Amino acid sequence: MFKWVRIVRRRIRRRPRPGIRARREGLLRYGEEARGLALSRLEYFNQFYNFKYGTVRIKAQTTRWGSCSSKGNLNFNYKMALLPPHLVDYLVVHELCHLGEFNHSQNFWDLVGKTIPNYLELRAELKSFKFH
Ligand SMILES: [Zn+2]
């Protein structure tokens, strides 16, 4: 490999990813609030669903509101602390229901619809929120 190629590569690797500082600050500022929200709404809705979930983590993902791992761990974006309560509930129920249906099949949506009947509307509303 030519020397200049290695140098360029090193420079690219060293350059911090855009927004990394903002994400870290956001996590520090809203992380605890988001965590409290996620835990309390999970507990509330799980009185109905009765699923078993693992660790709940708050992350600074750039393009996702939440995710559910195959091990049953739930991740939420710290920005959920900035959402109106009805969208927080939709988000929490969405991830919670992935413990019952690990996909976006009609069965999954039926599960969501048991506690959030207007999920289609809320899904569209959440999508309209931009990540900055
Ligand atoms: Zn999903």
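**View 1. The hairpin of β2 and β3.** Five residues lie between the strands of the β2–β3 hairpin, and among them Gly72 takes a positive phi near 90°. The model is predicted: local features need pLDDT of at least 70, side-chain atom pairs count only at pLDDT 80 or more, and totals for chains, interfaces and linings use all residues. Residue numbers start from 1 along each chain as its sequence is written. Strands (E, at least two residues) and helices (H or I, at least four) are DSSP runs, numbered from the N terminus. β2 and β3 run antiparallel and are joined by three bridges. Phe76 of β3 is the bridge partner of Gly66. Ser67 stands opposite Asn75 in β3.

**View 2. The open sheet.** Three strands make up this sheet, in the order β1-β3-β2, with mixed pairing. Strands pair if DSSP finds at least two bridges between them. β1 and β2 are the edge strands; each has a single partner, so one side of each lacks a neighbour in the sheet. The twist averages 15° from one strand to the next. β1 and β3 run parallel, joined by four bridges. Here Val56 stands opposite Leu74 in β3.

View 3. β2 and β3 run antiparallel. α2 packs on the sheet and touches β1 and β3; its direction makes about 145° with that of β1. α3 also packs on the sheet, touching β2 and β3, and its direction makes about 20° with that of β2. Axes are lines fitted to C-alpha atoms, for helices over the stretch in contact; angles run from 0 to 180 degrees between N-to-C directions.

**View 4. α3 and its surroundings.** α3 has 13 residues and reaches 18 Å from its first C-alpha to its last, close to the 18 Å expected at 1.5 Å a residue. The expected span is 1.5 Å times one less than the number of residues. Buried residues of α3 include Val88, Tyr90, Leu91, His94 and Glu95. A residue is buried if 20 or more other C-beta atoms lie within 10 Å of its own, exposed if 12 or fewer, and partly exposed in between; C-beta atoms are placed from the backbone. The cover over the buried residues of α3 includes α2, β2, β3, α4 and α5.

**View 5. The α3–α5 contact.** These helices pack at an angle of about 105°, with their axes 10 Å apart. α3 and α5 are therefore roughly perpendicular (65 to 115 degrees). His86, Leu87, Tyr90 and Leu91 of α3 meet Tyr119, Leu122, Arg123, Glu125 and Leu126 of α5. Contact requires C-beta atoms, placed from the backbone, to lie within 7 Å.

**View 6. The largest nonpolar core.** Of its 22 residues, Ala34, Ala38, Phe76, Met80, Leu91 and Val93 touch the most other members. α2, β3, α3, α4 and α5 each supply at least two residues of this core. α3 gives the most, with seven. Such a core is a set of buried Ala, Val, Leu, Ile, Met, Phe, Trp, Tyr and Cys residues joined through C-beta atoms within 7 Å. Leaving aside neighbours within four places in sequence, Ala38 is in contact with Val56, Ile58, Phe76, Met80 and Val92.

**View 7. Asn50 in a loop.** Asn50 is found between α2 and β1. Its phi is near 60°, a positive value in a residue other than glycine. Asn50 counts as exposed because 8 C-beta neighbours lie inside 10 Å.

Technical notes
Two residues are in contact if their C-beta atoms, placed from the backbone, lie within 7 Å. Angles under 35 degrees count as roughly parallel, over 145 as roughly antiparallel, 65 to 115 as roughly perpendicular and the rest as oblique.
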